[in-house]
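Thank you for making time this morning. Could I ask you to bring up the sequence and the structure, so that we can go through them together?

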Number of protein chains: 2
Amino acid sequence: MEFEQKFNLEKFAQDDFKAKKALWEKEADYYPQKIKELDLKSIDRFIDYHPKPSKLMKFKVNFAHKGLESIAEAMEKQKPWAVISRLNPSNPLHFGHKLILDELLWLQKQGADIYIPISNDESHIIGKSKNLDESKNIAYEKIIPSIISMGFNSKKTHIFVDSDYPDIYNVAMGLSKHLMIDHIFEFFNFGKDEKKESLGALYYKGAVQQAEILFPQCKEFGGPKPTLIPTSIDEYPYILLARDTAKKVNLIPPAALFLKFQQGLDNKGEMSADRPKSSIFLTDEPKIAENKIKNAHTGGSPLPNFQKEHGGVPGICPIYYLRTYHFEEDKKVEKECNSGEILCGDCKNIAAKQVSNFLASHQERLHDASKRIEEFTLKTPIRSILK
Amino acid sequence: MEFEQKFNLEKFAQDDFKAKKALWEKEADYYPQKIKELDLKSIDRFIDYHPKPSKLMKFKVNFAHKGLESIAEAMEKQKPWAVISRLNPSNPLHFGHKLILDELLWLQKQGADIYIPISNDESHIIGKSKNLDESKNIAYEKIIPSIISMGFNSKKTHIFVDSDYPDIYNVAMGLSKHLMIDHIFEFFNFGKDEKKESLGALYYKGAVQQAEILFPQCKEFGGPKPTLIPTSIDEYPYILLARDTAKKVNLIPPAALFLKFQQGLDNKGEMSADRPKSSIFLTDEPKIAENKIKNAHTGGSPLPNFQKEHGGVPGICPIYYLRTYHFEEDKKVEKECNSGEILCGDCKNIAAKQVSNFLASHQERLHDASKRIEEFTLKTPIRSILK
């Protein structure tokens, strides 16, 4: 009996390992495929060009860009440029957002003004919050303090909640003159079902989001100027539309830097608030975060001895990505995992420690950060005309 | 020859008179027909009920209403109510607008707070102004001073230009969640051609105009409360939509008071800035206005003797309407015209005098009015949630 059981486990471990390797081969192809499909550019040339690229660039979390040349030029000539990073305040931020905030911090150090529109109108309109107040409260109580706690410079960081800065809608109205309904329908592949959507959802997608991308180019902010949107690949259509719209109103087409998703702890896709167990929120109590990590689905083997001999599959492991993207400076974790030197239990313990240390110190800063919201809040009236 | 010519002229005068009478019979039916078609109510009962109805009510310039009961009740119980009257600032105001301003003045005396949204966004988006600034400048330089010069009470009159009061878009966003695209398309009979319109035009019509009608019911203004829109019959679809939308967000369906158009001096339809000769603008120099009046197409006969005998057709005469709606307190003009007692030349002279006197004194007040704009400007932030 014991022999048979051992034999089956070994076979199970082998099959499991093969399946994980195969999955990784498939997944490894996802981003290169996207680059081809959408005609994006790799950021390798930018990394070569920059004396000290960001950690996320070195780790290829930034896997591609569109139009980054305008930013490289502004950096080189020390001309003003801006970065825009939109947030939807239906839930507190998680480590997927931290990834982007880390990149924003680096971009700020390179000279960028950072603009962070928090679209509580979107949360409301697409039904992600009960009402406009609920998402507004999340913005002020959870999101903005977390952003400030990350260490941004208030002189170069401009945050606003859409409904408290309705000036953004002036830009949307100006732009929406140039956005034809049939074009928008085609652009977003609107079929019969989408016409059952609300006018608000259409206008948000078609015009307000465009305004959030383009408004730092208004003359109130010294525009037109080069701008950059660090974002995920699923936002690609908006970037394309914004580049198209920019040309129509004599602005500079915004560049985009595409970041890989932060893998969810449940290994069922990216970290997402829709699957709370997939995500570590920056407002999670450290103990809760540790538990989430301990229950994560890793790239390791069910059989410790097998893993010691053959190693794990870090490429499909959320713990590997969590540690590497957020807490490591080199590829040590990958090596240790591949060689079987470290097993998942120990690796999870390290991750749990890293995450809970981060959360503890992040959350310690939240109280002070809450008092500094005013300092970061954008209030400049927008009265200029986009064409 | 002379006899023949005389004979022809007489015949011509007779035919002309018949044609004018026939036209008047047809036109006289226009408004009663609208009442039937749209299931409106006559305002007779309101006139009977009110101790001192407005002059325009007595003259049936206000020919119908929808839902005026809510206003009558607020008047009776001395509860707060508001009136909203939207203006498109692509041109200065003309006597067609004065008609509405006169009614607003009366409504203000009955206790109403008056809200006047000036939609420079609409002018821009539908291409009625070169850009948002052009229509904004017309608003501040021509329209608002004219409104103030009419004698409104600044404590109960709240004027704003959309792009300078973007808070109105918060209301639009809130409402637009409840406005389904396919419903809007059906509502405005959007066909293939309209889909070539801009997203801005759709959103303006579908959501911003709704916001302009419903915003005084936000809690910042002590709403929900009964509201009234004095408007022309072509705005009826917006009123219907607003009544429908109001119910969806727990507001009181706004009432409407429908005013007849001010007939254009060219007798080719209502006074409209699109046909400058049809309109006397409140900013026209008195001399220019007098000339426009002298060139007006009246309801009189080409043959003075014929007119002396048979009278004119005041029902189709822009001069008759200009004098009656704006300068007379009784039906004397109608009688004098019908009886042939007064001919068009003299009648025009009186109208010219009345208009140029009005314009001179109106324009005398414009300079002071320009300095009082701030006093009338609405600035209350709108942060409340419509559902």
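This is a predicted model: local features need pLDDT of at least 70, side-chain atom pairs count only at pLDDT 80 or more; totals for chains, interfaces and linings use all residues.

Residues are numbered from 1 along each chain as its sequence is written, and chains are lettered from A and ligands numbered from 1 in the order in which they are written.

Let us begin with the interface. Here 34 residues of chain B are in contact with 34 residues of chain A, where contact means that the C-beta atoms of two residues, placed from the backbone, lie within 7 Å. On the chain B side, the elements that contribute two or more residues are helix 7 (120-125), helix 8 (132-149), helix 9 (167-176), helix 10 (181-187) and helix 11 (199-214); helices here are DSSP runs of H or I with at least four residues, strands are runs of E with at least two, and both are numbered from the N terminus. Sorted by class, that side of chain B has 14 nonpolar, 10 polar and 10 charged residues, with Ala, Val, Leu, Ile, Met, Phe, Trp, Tyr, Cys and Pro taken as nonpolar, Asp, Glu, Lys and Arg as charged, and the others, Gly among them, as polar.

How are the two copies related to each other?

Six strands form an open sheet in the order 1-6-5-2-3-4, with mixed pairing, and two strands count as paired if DSSP finds at least two bridges between them. Strand 1 (62-66) and strand 4 (157-161) of chain A stand at the edges with a single partner strand each, so one side of each has no neighbour in the sheet. Within this sheet of chain A, strand 2 (residues 82-84) and strand 3 (residues 113-118) run parallel and are joined by three bridges, and A:Ile84 stands opposite A:Tyr115 of strand 3.

Strand 6 of chain B pairs with strand 1 (residues 62-66) in the antiparallel sense over four bridges, and with strand 5 (residues 227-232) in the parallel sense over five bridges. The bridge partner of B:Lys66 is B:Ala256, and that of B:Leu228 is B:Ala255. Is this strand of chain B buried or exposed? Five of its five residues are buried, so strand 6 of chain B is largely enclosed by the rest of the structure; buried means 20 or more other C-beta atoms within 10 Å of the residue's own, exposed means 12 or fewer, and partly exposed lies in between, with C-beta atoms placed from the backbone. B:Ala255, B:Leu257 and B:Leu259 point one way, whereas B:Ala256 and B:Phe258 point the other way.

Among the helices, helix 15 (residues 318-327) of chain B is mostly covered, with eight of its 10 residues buried, including B:Tyr320, B:Tyr321 and B:Arg323. Its buried residues are covered by elements that include helix 6 (95-109), helix 13 (286-294), helix 16 (332-338) and helix 17 (344-371) of chain B.

Finally, some backbone details. The peptide bond from A:Gly223 to A:Pro224 is cis, with omega near -5°, and A:Pro224 sits in the loop between helix 11 (199-214) and strand 5 (227-232) of chain A. A cis peptide bond also joins B:Gly223 and B:Pro224, with omega about -5°. B:Lys60, in the loop between helix 4 (55-58) and strand 1 of chain B, has a positive phi near 60° although this residue is not a glycine.
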